[in-house]
Amino acid sequence: METSLRAKLAPLGQQELVELQTLKKEYVEAAGLPYEGFYKWDKEFFTNLQFEQKYQVKSELVKEYFPMIQVQQGILDIYQQMLGLKLVKVEHPEVWHPDVEIFHGFSGLEWDFVECPSQMLEHWAWQPAVLQKFAQHYQTGEVIPTDLVNKLIAAKNHGAGLKYLRQIALGTFDITMYNSLKPVNVCDLFNQLDQEIGLVGSGDAEVFGVATFGHVVSSYDSQYYGYLWSESIAADMFASRFLKDGIDSPQAGQDYRREILAPGGSRDAMDSIVKFLGRKPNNQAFLKSIGLGE
């Protein structure tokens, strides 16, 4: 999957990189400084700057429409409606502070599928009708304006090429390191893949980016590819059932509850996916969701 996805993403990533390089060149020259290349430490700043300039959206303004309490309740309402549940708050739980709230996650799922349930829920946040149910200004109570929602949707895939190439670089590093039968210089390998696959490197600077990649020494070791794999499956499940049948479809919700959530890790994830979709998954919906499909 990652090899074919890399081939599709590379042209987009190259285009995005050129745009960021141009933006940095203009920025530093306007300040009277020489342009000396584009590196990893430039990426976040100039990606955000480009985002604000291109879409006229400021992240600080967007945050004002998503106060935590309203967002939390909105998510719970979606979950209750979708799955046919009634969630009841536990009164006076034994916790160390009254502000603490207890939630339970999924356990026992295969590691290359474990992210899928949460990733699928993210798709609801890109539905205007859903957003306008709970996205309200923290001071005025004003529902998030339609034009702001439209701008956010238009900007959804901003930087998608470099973003997903970076994920592929991390997954490739993880697999390569654990599959090697010989000693590996992890710093050199990490920096090499960052440049070759992720397209944005560190030049001649001596950096230790691998030290920030905690997944390789946690439960994700040799399974980091699961993030992209799960995201692809999540997009397929959402588009094939919930977009097709309706995002509020009780039938799709019940099927999801019965075939995906209820079995959990008691059966092979692929069996559960096939039961829910009625076929094996594919990446068409995922490619479309990141701007690469029809």
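The lining of the second largest pocket comprises 20 nonpolar, seven polar and five charged residues; here Ala, Val, Leu, Ile, Met, Phe, Trp, Tyr, Cys and Pro count as nonpolar, Asp, Glu, Lys and Arg as charged, and the others, Gly among them, as polar. The model is predicted, so local features need pLDDT of at least 70 and side-chain atom pairs count only at pLDDT 80 or more, while totals for chains, interfaces and linings use all residues. Residues are numbered from 1 along each chain as its sequence is written, and side-chain values use heavy atoms, with hydrogens and water left out.

**Second largest pocket**

- This pocket holds about 1,100 Å³ of space.
- Among its 32 lining residues, Glu-122, Ala-125, Trp-126, Leu-152 and Lys-156 are the closest to its centre.
- Two or more lining residues come from each of α3 (59-63), α4, α5, α6 and α8 (160-179); helices are DSSP runs of H or I with at least four residues, numbered from the N terminus.
- Helix α4 gives the largest share of the lining, four residues.

**Helix α2**

- The 16 residues of α2 (residues 40-55) should span 22 Å at 1.5 Å a residue, and the end C-alpha atoms are 23 Å apart, which agrees; the expected span is 1.5 Å times one less than the number of residues.
- Asp-42, Phe-46, Thr-47, Leu-49, Gln-50, Phe-51 and Tyr-55 of α2 are buried, where buried means under 20% relative accessible area, exposed over 50%, and partly exposed in between (1.4 Å probe, protein chains only).
- The cover over these buried residues includes α1 (2-30) and α7 (146-154).

**Nonpolar cores**

- The largest nonpolar core has 38 residues, and Phe-113, Met-120, Trp-124, Met-237, Phe-242 and Tyr-256 have the most contacts inside it; such a core is a set of buried Ala, Val, Leu, Ile, Met, Phe, Trp, Tyr and Cys residues joined through side-chain atoms within 4.5 Å.
- Elements that each supply at least two residues of this core include α2, α10 (226-245) and α11 (250-261).
- Leaving aside residues up to four places away in sequence, Phe-113 touches Ser-230, Ile-233, Ile-260, Ala-269 and Ile-273, a contact being heavy atoms within 4.5 Å.
- A second, separate core of 34 residues includes Leu-9, Leu-20, Ala-160 and Tyr-224.

**Positive phi angles**

- Most residues other than glycine have a negative phi.
- Gln-56 has a positive phi near 55° and is found in the loop between α2 and α3.
- Gln-56 counts as exposed because its relative accessibility is 59%.
- His-92, in the loop between α4 and α5, has a positive phi of about 55°, and its 77% relative accessibility makes it exposed.

Methods:
1 Å grid on protein atoms, 1.4 Å probe; cavity = no way out; pocket = protein on both sides within 12 Å on 5 of 7 lines; lining within 4 Å. Points joined across faces, edges and corners; volume = space filled by probe spheres on them.
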